[in-house]
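Here's a quick briefing to read alongside the model. Have a look at the structure first, then work through the points below.

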Amino acid sequence: MFPPLRDELRGIEPYGAPQLSLEQAPVQLNVNENPYGPSPEAAADIARAVGAAAVSLNRYPDREFVELRSALAAYLDTSGGSGITPEMVWAANGSNEVMLQLLQAFGGPGRVALSFAPTYSMYPEYARDTMTEWVAGHRAEDFSLDLDAARRLVEERRPSVVLLPSPNNPTGTVLPPQAVTMLCEAAASYEPGGIVVVDEAYGEFRRAGTPSALELLPQHRNLVVTRTMSKAFALAGARLGYLAADPSICDAIRVVRLPYHLSAVTQATALAALRHAPELLGKVDDLRAERDATVAWLREQGLEVADSDANFALFGRFADRHAVWQGLVDRGVLIRETGPDGWLRVSIGTAEEMAAFKKALLDTIETTK
Ligand code: PMP
């Protein structure tokens, strides 16, 4: 059959949330974007930096992106890390690409990648694309992890890569540091051991008192913490994700990365954005407050809501969640039908967008009763 696709890829739909135009759904709260764009000053500085890079686009970019690695290391030291050096940092086109590279380097035929469901839906795709066996353990009803069961599963299946989103997508819940420590120790207890990836795509949105796994890096050589500029930095369109880990892990990725994978335009954009970090991150506090208010409001309506340390909330449960999702779309509000059956996920937008969401949800619940 043409084209001669790998058998296991036949008939599979490409991953992606349903996209509707702004005319169809003016309020878009479905892909956990930051609703605030850069200020005119930050946008102008990014444009200037890209303009300067444009003059030498006949040349390949810095393959090792040394300046960007230094800037990311300095930023991480202000965001839960300490003593992070440029050699401990790696970056790629979105943290999706960073994690795919981790699977390319550490997964592969005969190896296992493991996570605990519900978990980020791209993980099984990285496993499939790198011919790594996918194993999913389970979370409890409240989406927490049974630590003993989790450790036993790791010891039994001996994964090469453990993927732990924290805050988790789609639930928004975080893992306590003891869970990360226990799983790092479990993954170091067999030969040749596994790496434990704590995916902190939403790390900057965590509530006060919730530590970052960056703090645990000095204790665990097999710990990798991934971050992204797509969420808190409001830079989803630039595609820049990164990680912090032992330098030997970064060196291993250098073997599988494509040469010059980070374009000069991407590097210039990310560096300029990092110079504006305080301003770009300035909306994080507003979004956290809006998130807490949204969670409280949903609970006041008698709905179940998972604790959220992210820029979204998972709520339910609905006998027919599709009908509720459709009801919201009909009222111009696009959210995401994802997570366990009966639950829906809403990204946190501006106060006006959240007001529109609340009104549309009340109307919909009223008419679907
Ligand atoms: N990890 C998690 C948990 C996510 O939800 C996302 C984005 N939806 C990503 C990673 C990837 O983000 P990006 O590639 O934009 O960095």
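**Lys231 and its surroundings**

Lys231 counts as buried because it has 25 C-beta neighbours inside 10 Å (the cut-offs are 20 or more other C-beta atoms within 10 Å for buried, 12 or fewer for exposed, and partly exposed in between, with C-beta atoms placed from the backbone). Bear in mind that this is a predicted model: local features need pLDDT of at least 70, side-chain atom pairs count only at pLDDT 80 or more, and totals for chains, interfaces and linings use all residues. Residues are numbered from 1 along each chain as its sequence is written.

- Lys231 sits in the loop between strand S7 (223-228) and strand S8 (241-244); strands (E, at least two residues) and helices (H or I, at least four) are DSSP runs, numbered from the N terminus.
- UniProt, in an unreviewed entry, puts "modified residue: N6-(pyridoxal phosphate)lysine" at Lys231; such annotations may be inferred rather than shown by experiment.
- Leaving out residues up to four places away in sequence, Lys231 touches Asn32, Asn34, Ala201, Tyr202 and Asn311 (contact means C-beta atoms, placed from the backbone, within 7 Å).

**Around the ligand**

- The ligand is surrounded by 13 residues, and the closest are Gly94, Ser95, Asn96, Thr228 and Ser230 (the test is a C-beta atom, placed from the backbone, within 6 Å).
- That shell splits into 4 nonpolar, 8 polar and 1 charged; Ala, Val, Leu, Ile, Met, Phe, Trp, Tyr, Cys and Pro count as nonpolar, Asp, Glu, Lys and Arg as charged, and the others, Gly among them, as polar.

**Strand S6**

- 5 of the 5 residues of strand S6 (residues 195-199) are buried, so S6 is largely enclosed by the rest of the structure.
- Ile195, Val197 and Asp199 point one way from S6, while Val196 and Val198 point the other way.
- In a regular strand, side chains alternate between the two faces of the sheet.
- S6 pairs with strand S5 (residues 161-165) in the parallel sense over 5 bridges (pairing takes at least two DSSP bridges), and Pro165 has Asp199 as its bridge partner in S6.

**The open sheet with S9, S10 and S12**

- This open sheet of 3 strands runs in the order S9-S10-S12, with antiparallel pairing.
- Strand S9 (304-305) and strand S12 (344-347) are the edges, each pairing on one side only.
- S9 and strand S10 (residues 312-316) are antiparallel and joined by 2 bridges, and Val305 has Phe315 as its bridge partner in S10.

**The annotated domain**

- The UniProt annotation "domain: Aminotransferase class I/classII large", from an unreviewed entry, covers residues 27-357.
- Across residues 27-357 the chain is 38% helix and 15% strand, with the end C-alpha atoms 8 Å apart.

Note on methods:
Two residues are in contact if their C-beta atoms, placed from the backbone, lie within 7 Å.
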